[in-house]
Amino acid sequence: MRVPGLIFSSEKMIAAIKADQTPVQVVNVATLPGIVRYSLAMPDIHWGYGLPIGGVCATDIEKGGVVTPGGVGSDINCGVRLIRTNLKISDVQNKMEELVSALFFTVPSGLGSKGDIRVIGKDEERVLLEGSEWAVKQGYGVQEDLEATEEGGCLDFANPEMVSQRALERGGKQLGTLGSGNHFLEIQELATIYDEKIAKGFGLFPGQLTVMIHSGSRGLGYQVCEDYVKVMLDAARRYNISLSDKQLCCAPVESKEGKAYLGAMACAANYAWANRQCLMHLTRKVFERVFGMSFKDLGMELVYDVAHNIGKFETHKIDGKETRLFIHRKGATRAFPEGHPVLPEKLKPYGQPAIVPGDMGRASYLLVGTEQGYAETFGTVCHGAGRVMSRTQAIKRGAGRSIDQELKKKGIIVKSAGRETLAEEMPEAYKDIDEVVDVLYQAGIAKKIARMKPLGVIKG
């Protein structure tokens, strides 16, 4: 190990974390060339490919720091956006069934789902280069959406020439689609506010209707990861990098292979931002039809969009010196504190919103980062509750049960493209989001701003 491993957890949760080989993954990450400070893991940590999900790894570029596809993940820029509205729960109680059904039939979901927004050739290249901006130019949003998106919805080092034809084929038909697995579109009630000043600054109030969208780069991102794992296995041998785990195959950030992967990874990230922008457009259109008002009159403004699986170039202080790092965040969310220079002026007084969804039966949180978190975790918090059951285990546990009916008894309407998805995503398959977020709060690396509970959920 070149650095220590640091896992954020409570005493209650640590037993489950130690029940499998996840801490070994934290150890393995600590052996990567150029890693600085710690191999980090958030409280939602669970087993992943290479890095554990909930893992954070920063490497010093000038000292031979590496990039590993296993540190970004297969669903590149899987992420979440939170949308506010002017609506109160009383405004939607008689329309909830209609609203959820309309969203389910309008927003394509499920494994391999395809949408009406098709891009080929130069059009797809522009998506990969421009991200969310491309979608806004097509009329799928407004300029203010870009200002409320991490990185403005675009990484500027994207290089479409580094994306395979197979990846392009998979991405051409999937813009504006939700996908499957843990991806969702959720109607929520803002149940609790913890910081009134910051919540007000974000346009939030108790009893408010909010919408959360969770999706990523679809087949294009998965193909990019698959393509470059093979490249990195060869590169690691070429650069004489000793791997404690082949799933951490890597290359120096500044190498030919490193730059190629980063160019392709940024394309997939930009595709994911464009995808979520298109999904928000479809959601706004449904609300306009159901309520007979424009999305602007409904106050459907983007609070923020965060990335969960991504690699970034950032400058942080290491041993008292400002150092250019490459940050891998896999199943982890950037959460910069108030006043940080990369934040838009509108957010600087409050800090960056960090959206942390839970399972479809409990709650989700809105957080902001702190100065302490910036110093200790490179400005990072968890990305969700974290699984405690594999999907196979959850399907076995759900055999013979009607998960949708169980949730309906709790006042939650759920629609899914696949029956097994509901079993895979049942609430008990996940850690308790309240406990996970409390670890961040008690450790001082995040502030709790608001807690939202689900009312209607669309699952793939």
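Contact here means heavy atoms within 4.5 Å. The views show a predicted model, in which local features need pLDDT of at least 70, side-chain atom pairs count only at pLDDT 80 or more, and totals for chains, interfaces and linings use all residues. Residues are numbered from 1 along each chain as its sequence is written, and side-chain values use heavy atoms, with hydrogens and water left out.

**View A. Surroundings of Leu366 in the largest nonpolar core.** A nonpolar core is a set of buried Ala, Val, Leu, Ile, Met, Phe, Trp, Tyr and Cys residues joined through side-chain atoms within 4.5 Å; buried means under 20% relative accessible area, exposed over 50%, partly exposed in between (1.4 Å probe, protein chains only). The largest such core has 61 residues, and Leu366 is listed with Phe202, Ile355, Leu367, Phe378 and Leu440 as having the most contacts inside it. Not counting residues up to four places away in sequence, Leu366 touches Leu82, Phe202, Leu204, Pro353, Ala354, Ile355, Lys447, Lys448, Ile449, Ala450 and Met452. Another core, of 41 residues, lies apart from it and has Leu155, Val224, Met232 and Ala269 among its members.

**View B. Helix α5 and its packing partners.** Helices are DSSP runs (H or I, at least four residues), and strands are likewise (E, at least two), numbered from the N terminus. Within α5 (residues 121–130), the buried residues are Glu124, Val127, Leu128 and Glu130. These pack against α6 (132–137), α8 (165–171), α10 (218–238) and α11 (256–291). Gly131, with a positive phi near 60°, follows α5.

**View C. Aromatic pairs.** Rings of Phe, Tyr and Trp (its six-membered ring) pair if their centres lie within 6.5 Å; planes under 30 degrees apart count as stacked, over 60 as edge-to-face and the rest as tilted. Nine aromatic pairs are found in a search of the whole structure. Trp134 and Tyr140 form a tilted pair, 6.2 Å centre to centre with 55° between the planes. The pair of Tyr228 and Tyr261 is edge-to-face, at 5.7 Å and 65°. Tyr228 lies in α10 and Tyr261 in α11, so this pair ties together parts that are 33 residues apart in sequence. Both Tyr228 and Tyr261 are buried.

**View D. Asn275 in helix α11.** Asn275 is buried, with a relative accessible area of 0%. Its side chain makes a polar contact with the side chain of Ser215 at 3.3 Å (N or O atoms within 3.5 Å; within protein, one must be able to donate a hydrogen and the other to accept it, and residues adjacent in sequence count only if both atoms are side-chain atoms).
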